[in-house]
Amino acid sequence: THVETENGSLARLPEFYRLEEEEGGGAKWIPVAEDEVPAETGLVGYGFTPPPAAPPEPYVTPEDPASCWKTPGPVAGPFRAELGDGSVVTYYWYRFADQPALLNADLTDAEREAMQGKVELLHRDWSIDGEYLAPPERGELAALDPALIVTPPEGLEIGYVPIVTRQELGR
(Lines give C-alpha, C1' and ligand atoms only; values in the text may rest on other atoms or scores of the structure.)
Protein backbone atom coordinates (compact mmCIF):
# COMPACT_ATOMS: atom_id res chain seq x y z
CA THR A 1 0.00 0.00 0.00
CA HIS A 2 1.03 3.59 -0.61
CA VAL A 3 0.53 6.44 1.82
CA GLU A 4 0.78 10.08 0.73
CA THR A 5 2.62 12.40 3.12
CA GLU A 6 3.75 16.01 2.85
CA ASN A 7 7.19 14.63 2.00
CA GLY A 8 5.96 12.40 -0.81
CA SER A 9 4.61 8.90 -1.29
CA LEU A 10 5.63 6.16 1.12
CA ALA A 11 5.23 2.43 0.49
CA ARG A 12 4.23 0.09 3.27
CA LEU A 13 5.65 -3.35 2.65
CA PRO A 14 3.88 -6.52 3.78
CA GLU A 15 5.28 -8.23 6.85
CA PHE A 16 4.45 -11.83 5.96
CA TYR A 17 4.99 -13.90 2.83
CA ARG A 18 4.66 -17.51 1.73
CA LEU A 19 6.57 -19.26 -1.01
CA GLU A 20 4.36 -20.57 -3.81
CA GLU A 21 5.39 -22.90 -6.60
CA GLU A 22 4.81 -21.47 -10.06
CA GLU A 23 3.47 -23.45 -13.00
CA GLY A 24 6.33 -24.59 -15.15
CA GLY A 25 8.81 -24.58 -12.28
CA GLY A 26 10.24 -21.99 -9.97
CA ALA A 27 8.67 -20.27 -7.01
CA LYS A 28 7.81 -16.79 -5.87
CA TRP A 29 7.06 -15.06 -2.59
CA ILE A 30 3.42 -13.98 -2.15
CA PRO A 31 2.36 -11.51 0.59
CA VAL A 32 -0.14 -12.89 3.12
CA ALA A 33 -2.25 -11.30 5.83
CA GLU A 34 -1.28 -11.78 9.48
CA ASP A 35 -4.31 -13.98 10.15
CA GLU A 36 -3.13 -16.40 7.40
CA VAL A 37 0.22 -17.08 9.10
CA PRO A 38 0.27 -20.51 10.80
CA ALA A 39 0.55 -20.11 14.58
CA GLU A 40 3.17 -22.87 14.80
CA THR A 41 5.66 -20.66 12.94
CA GLY A 42 5.81 -18.28 15.92
CA LEU A 43 6.17 -15.36 13.47
CA VAL A 44 3.12 -13.35 14.51
CA GLY A 45 4.14 -11.10 17.37
CA TYR A 46 7.84 -11.70 16.81
CA GLY A 47 9.87 -8.50 16.56
CA PHE A 48 13.19 -7.91 14.94
CA THR A 49 15.24 -5.42 16.89
CA PRO A 50 18.63 -4.20 15.81
CA PRO A 51 21.52 -5.07 18.10
CA PRO A 52 22.36 -2.34 20.56
CA ALA A 53 24.77 0.14 19.04
CA ALA A 54 27.97 0.90 20.87
CA PRO A 55 27.95 4.41 22.30
CA PRO A 56 29.74 6.82 20.00
CA GLU A 57 33.29 7.71 20.87
CA PRO A 58 33.76 11.28 22.09
CA TYR A 59 35.04 13.84 19.61
CA VAL A 60 38.27 15.11 21.15
CA THR A 61 40.79 17.60 19.84
CA PRO A 62 44.50 16.71 19.83
CA GLU A 63 46.14 16.40 23.24
CA ASP A 64 49.75 16.86 22.07
CA PRO A 65 51.29 19.69 24.17
CA ALA A 66 52.95 21.08 21.03
CA SER A 67 49.65 21.25 19.08
CA CYS A 68 47.86 24.50 18.29
CA TRP A 69 45.23 23.42 20.83
CA LYS A 70 47.77 23.64 23.64
CA THR A 71 50.33 26.21 22.41
CA PRO A 72 49.73 29.03 23.16
CA GLY A 73 46.57 27.34 24.40
CA PRO A 74 43.52 28.45 26.32
CA VAL A 75 43.47 31.06 29.04
CA ALA A 76 40.57 29.59 31.05
CA GLY A 77 38.75 26.31 31.42
CA PRO A 78 37.68 23.62 31.20
CA PHE A 79 33.96 24.43 31.30
CA ARG A 80 31.07 22.13 30.41
CA ALA A 81 27.68 22.65 28.81
CA GLU A 82 24.87 20.10 28.49
CA LEU A 83 23.22 20.45 25.08
CA GLY A 84 19.62 19.78 24.11
CA ASP A 85 20.62 16.77 21.99
CA GLY A 86 21.87 14.96 25.10
CA SER A 87 25.55 15.56 24.45
CA VAL A 88 28.00 17.40 26.66
CA VAL A 89 30.66 19.76 25.36
CA THR A 90 33.84 20.75 27.11
CA TYR A 91 35.14 24.17 26.13
CA TYR A 92 37.92 26.57 26.98
CA TRP A 93 38.34 30.30 26.49
CA TYR A 94 41.01 31.32 24.00
CA ARG A 95 42.27 34.73 23.04
CA PHE A 96 40.60 35.26 19.65
CA ALA A 97 43.85 35.52 17.68
CA ASP A 98 45.27 32.44 19.42
CA GLN A 99 42.41 30.04 18.67
CA PRO A 100 43.49 26.96 16.72
CA ALA A 101 41.55 27.83 13.55
CA LEU A 102 43.40 31.12 13.19
CA LEU A 103 46.76 29.62 14.04
CA ASN A 104 46.22 27.31 11.04
CA ALA A 105 44.82 29.93 8.66
CA ASP A 106 48.11 30.94 6.96
CA LEU A 107 47.93 34.41 8.51
CA THR A 108 50.92 36.38 9.67
CA ASP A 109 51.15 37.39 13.31
CA ALA A 110 50.36 40.97 12.21
CA GLU A 111 47.21 39.83 10.37
CA ARG A 112 46.03 37.84 13.37
CA GLU A 113 46.68 40.80 15.69
CA ALA A 114 44.72 43.11 13.33
CA MET A 115 41.79 40.66 13.57
CA GLN A 116 42.18 40.62 17.34
CA GLY A 117 41.80 44.40 17.42
CA LYS A 118 38.62 44.28 15.32
CA VAL A 119 37.09 41.54 17.46
CA GLU A 120 37.82 43.56 20.59
CA LEU A 121 35.96 46.52 19.04
CA LEU A 122 32.98 44.27 18.27
CA HIS A 123 32.97 42.82 21.77
CA ARG A 124 33.05 46.33 23.29
CA ASP A 125 30.36 47.83 21.08
CA TRP A 126 27.93 45.02 20.21
CA SER A 127 25.55 43.43 22.70
CA ILE A 128 24.20 39.90 22.36
CA ASP A 129 20.65 41.16 21.72
CA GLY A 130 21.44 43.86 19.15
CA GLU A 131 20.50 43.63 15.46
CA TYR A 132 23.50 44.28 13.23
CA LEU A 133 22.33 42.84 9.92
CA ALA A 134 19.06 43.29 8.08
CA PRO A 135 16.67 40.40 8.69
CA PRO A 136 16.44 37.87 5.85
CA GLU A 137 14.01 38.69 3.06
CA ARG A 138 12.98 35.03 2.88
CA GLY A 139 13.47 31.96 4.99
CA GLU A 140 14.14 31.84 8.69
CA LEU A 141 17.20 32.39 10.81
CA ALA A 142 18.76 29.30 12.31
CA ALA A 143 18.05 28.58 15.95
CA LEU A 144 20.83 27.87 18.44
CA ASP A 145 20.70 25.56 21.40
CA PRO A 146 20.46 28.00 24.35
CA ALA A 147 23.17 26.01 26.16
CA LEU A 148 25.63 27.21 23.49
CA ILE A 149 25.25 30.82 24.65
CA VAL A 150 27.90 30.96 27.36
CA THR A 151 29.15 33.76 29.58
CA PRO A 152 32.86 34.50 29.63
CA PRO A 153 34.74 34.44 32.92
CA GLU A 154 35.37 37.82 34.47
CA GLY A 155 38.10 39.68 32.61
CA LEU A 156 37.63 37.67 29.39
CA GLU A 157 34.56 39.51 28.08
CA ILE A 158 36.52 41.34 25.37
CA GLY A 159 38.76 39.59 22.86
CA TYR A 160 38.20 36.01 24.02
CA VAL A 161 36.06 33.22 22.56
CA PRO A 162 34.86 29.81 23.75
CA ILE A 163 36.27 26.87 21.77
CA VAL A 164 34.88 23.36 22.17
CA THR A 165 37.57 20.71 22.59
CA ARG A 166 35.39 17.70 23.35
CA GLN A 167 31.86 16.51 22.67
CA GLU A 168 30.51 13.32 24.14
CA LEU A 169 27.27 11.54 24.91
CA GLY A 170 25.72 12.80 28.14
CA ARG A 171 25.59 10.49 31.12
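Thr 165 is buried, with a relative accessible area of 9%. That value falls under the 20% cut-off, so the residue counts as buried. The model is predicted.

Thr 165 belongs to strand β8, which covers residues 160-169. Which residues touch Thr 165, apart from its neighbours within four places in sequence? The contacts are Tyr 59, Val 60, Thr 61, Trp 69, Thr 90, Tyr 91, Tyr 92 and Tyr 94.

Strand β5, residues 59-60, pairs with β8 in the antiparallel sense. Two bridges link β5 and β8. Strand β7, residues 87-95, also runs antiparallel to β8, here over nine bridges. Gln 167 of β8 is the bridge partner of Tyr 59. Gln 167 is also the bridge partner of Val 89. In a regular strand, side chains alternate between the two faces of the sheet.

Next, the backbone. Most residues other than glycine have a negative phi, and most peptide bonds are trans. Where does the model depart from this? A cis peptide bond joins Thr 71 and Pro 72, with omega about 5°. Pro 72 sits in the loop between β5 and β6, the latter spanning 76-82. Another cis peptide bond joins Gly 77 and Pro 78, with omega about 15°. Pro 78 is placed in strand β6 itself.

Asp 106 is not a glycine, yet has a positive phi of about 55°. Asp 106 lies in the loop between α1 (100-103) and α2 (109-125). Is Asp 106 buried or exposed? Its relative accessibility is 79%, over the 50% cut-off, so Asp 106 counts as exposed.

Key
Residues are numbered from 1 along each chain as its sequence is written. This is a predicted model: local features need pLDDT of at least 70, side-chain atom pairs count only at pLDDT 80 or more; totals for chains, interfaces and linings use all residues. Side-chain values use heavy atoms; hydrogens and water are left out. Helices (H or I, at least four residues) and strands (E, at least two) are DSSP runs, numbered from the N terminus. Buried means under 20% relative accessible area, exposed over 50%, partly exposed in between (1.4 Å probe, protein chains only). Contact means heavy atoms within 4.5 Å. Two strands pair if DSSP finds at least two bridges between them.
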